[in-house]
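Please walk me through how the parts of this structure pack together.

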Number of protein chains: 2
Amino acid sequence: MATVTIIGAGMMGSGICRPVRDNGHEVRLVGTPLDRDIIDEARRTGWHITLKRRLPEGVSYYQIEEVSTALAGADLVICGVSSFGLEWFAEAILPVLLLDVPVLSVTKGLLGQADGALMTYPHYLENRLPESKRGRILFNAIGGPCTSYELMDRHQTLVYFCGRDAACLAWLQSLLTTDYYHITISTDIVGVEVCVALKNAYAVGVSMAIGMAERIAGPDAYMYNPQAALFGQSLREMTRLVRLLGGDSDLVAGIPGAGDLYVTIFGGRTRRLGYLLGKGVTYQEAREQLQGVTLESVVIITRVAAALRARAIAGAVDAADFPLLMFLDRVINEGALAEIPWRDFR
Amino acid sequence: MATVTIIGAGMMGSGICRPVRDNGHEVRLVGTPLDRDIIDEARRTGWHITLKRRLPEGVSYYQIEEVSTALAGADLVICGVSSFGLEWFAEAILPVLLLDVPVLSVTKGLLGQADGALMTYPHYLENRLPESKRGRILFNAIGGPCTSYELMDRHQTLVYFCGRDAACLAWLQSLLTTDYYHITISTDIVGVEVCVALKNAYAVGVSMAIGMAERIAGPDAYMYNPQAALFGQSLREMTRLVRLLGGDSDLVAGIPGAGDLYVTIFGGRTRRLGYLLGKGVTYQEAREQLQGVTLESVVIITRVAAALRARAIAGAVDAADFPLLMFLDRVINEGALAEIPWRDFR
C-alpha cells in the first residue's frame, strides 16, 4: 500500500481518488485556496459539491495550510490543479515537495514563449524547481479521454501516463491500474502533452459544426458530414503540430489525440463554446453566455496560434498548414464570426 | 460541360448527382437490376424512393438494358454500386465500358485472398478488365465522411479522390468540386481505400460502447470515456493496418480515416449493429433484428481478420497488435458476446 497525496480538490483531482482508493492506497486530498468549501463539505459529509458525488470511503481531507502534514511520508504527489492553477502550484507547492517523491499531473496545456517555442507543463515544473531539488523530482503527466465524472463512476477508461523515466512510469502504472482504469505508459512527454493540450483547442472547432447544423437546419437536423470533416481536419493539424514540436505523431491517431478529442466534443464548456460560436454569435457574446469564464481551450488556441505566427515570421512553418487553428484564433481574438473556411482544408 | 454516367442508382450513386448537376454537367443515372423501381419512379416523378428526396432537375434516367446508350459519349463513369454489387459491375459493366473514359467509384471495401493479401477495389477492377482494355481505363475512388443524404442536401463535406494518375485526379476534382463538396486528391489508393474499408469495421466496435452504456447505466447515461477509448484504439489499429498494406498512415489521422469513422458512428445500420451487440445480444440475434441483412462492416471484419490470421501464421504480423479487430471477428464469426477486452488495449 502506498500513500498518495493529491493537491487540488477540483473535479479531476477528486475524480482520481477513485482508482487510487480502489487499489487500497492511502489518499490525502488537499484543497487549493479555491477549494475551501469543497474540503469543508467533504470532511463533514463525504460529498463533493461540484462533482456532485460521494467521495470514496477512507480519503483524508486537508486544507492548504495543512499541506506539509499531507505531504509527509507520501510516496506519490498528484497535481490536480487546472492550467489556471499551474503558476500557483509552481510558486506554493514546488518548494514544499519532498525529494525523490514523483509527481503525476492532470493539468492540461502548453506554455508559449516569444520565439514560438511551446513548453509542456512537466518540463515547465521541472524548470521551476528550486535549485536544490533539480533532478530529484520526476514530473509525469496523464493524457487521454477521461472525464472526472466517469472516472468517479468507474466507467471503462484508457489513458496514457507520460514521463522521462520508464521505471517510474511502470511503478505508477502498477499503482493506479484497476479493472476500469487502463494505463499505457510512454516516455514521449511532448507527444502526449501536445495532444492533451490541442484537443481542447480543436474541440471548439468541431463543436462549431454542431451549432452550425442547428442554425442552418434546426435542432433535429441530421448533419454530421461537417462535424466529421472538422474532426478529420483537426487530427491532420494535430499531427503536423506534434511533429513540429518533436513528438511521435502516432499518438494523434490513438488514445491521447483522437480519443481525447472525441470525448471533449461530447460535453462540457468547450463544446458549449464551440456550439455557441457555430450558432453565429461572436466570441464576446459566447463568453458572456458562459458567465465570463475563460476556458483552457481559448488559452491554448491563442498560445499555439501566436507560436505559429512567430515561427512563420522566422520562416520555420507555414501557417496555411494550420487553417483551422488560425481560423479559431481569428474568431477568439479578432472577433471574427465563425464562418468556417472549408476551402482552406482541401 | 461534361457528360457523366452514373451506374447504380442506390443511395450514394444518386446522392452524387447533386454536385455533378450543380456544376452544370449532363447526368445519366443508370439503375442496376436491383434499382428498377427507383428508376421507374424517378423517371415518372423525379422522386428517389429510398433517399426520400427529389433528384436534381435535368438528370436522365436509364434502366440497365439501356446502359450502352447511357455510356455513349460519356466523359466519366461513376460506379455507384455497393460492395455487394462489385462482382456484378465487373461482370456486366467492365466489358461495355468505353476506352479512355475514367471510372470514379464510391464502392467501399477490400477483397481478401488466401495468402492474407487484401486488394483494393480499384486494383481489382483494373485486374478484371478485358485484355483489350487493360491500361486504357483509369479507376479512381472516393473516400471520406460523406453520407448520401447530406450530399444531396448540400451539407459541407470533405472527401478524398484517389487514383493512379494525378492529372486525371485533378480533372475529376475540377469537375466535381462545389462550394459544399471539397475534394483533396491523392495517388495513395491503398492508403485511402484501406481507411474507407476499415472505418466500417471499427464503427461496429465504437458503437458497441453506445449499447454497452445503455445496458449498464440506462438510456440517459453520460458515458463517453469507453466510446472515446474505442475510437482511439480503432485509429491505432487502422494506422498499423494501413502501414502493413503499404499506404500512408497519415490518412488515418485525417479525413479518410478518423473523419469517416466519426460520421459512421452517428448513424446507419453499422451503428445499429454495434449498438445491439453492445446491449448484450449475439450477432445472430442482432442480425435478425436487422432483417437478416449482412452489412459491409461484417464482411470487412471477417476478411481483414482472416488476412491477419493468414499473415500471423506466416509470421508476418502479430494478431495481438489488432485486439479490437480480432475481438470483433470473434463476436461476428464465433458467436462470442461483446465483452470488450479492455485490458488488451493497454
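Helix α9 (residues 189–217) of chain A packs against helix α14 (residues 296–313) of chain A at an angle of about 100°, with axes 8 Å apart. Axes are lines fitted to C-alpha atoms, for helices over the stretch in contact, and angles run from 0 to 180 degrees between N-to-C directions. α9(A) and α14(A) are therefore roughly perpendicular (65 to 115 degrees). From α14(A), the contact includes I300(A), I301(A) and V304(A); residues count as in contact if their C-beta atoms, placed from the backbone, lie within 7 Å. Helices (H or I, at least four residues) and strands (E, at least two) are DSSP runs, numbered from the N terminus.

This is a predicted model: local features need pLDDT of at least 70, side-chain atom pairs count only at pLDDT 80 or more, and totals for chains, interfaces and linings use all residues. Residues are numbered from 1 along each chain as its sequence is written, while chains are lettered from A and ligands numbered from 1 in the order in which they are written.

Next, the sheet. In chain A, 8 strands form an open, mixed sheet in the order β5-β2-β1-β6-β7-β10-β11-β12; strands pair if DSSP finds at least two bridges between them. β5 (59–62) and β12 of chain A are the edge strands. α9(A) lies across β10 (139–143), β11 and β12 of chain A, at about 45° to β10(A).

Finally, the contact between chains takes 43 residues from chain A and 43 residues from chain B. On the chain A side, α10(A) gives the most, with 11 residues.

Methods
Parallel < 35°, antiparallel > 145°, perpendicular 65-115°, else oblique. Contact = placed C-beta atoms within 7 Å.
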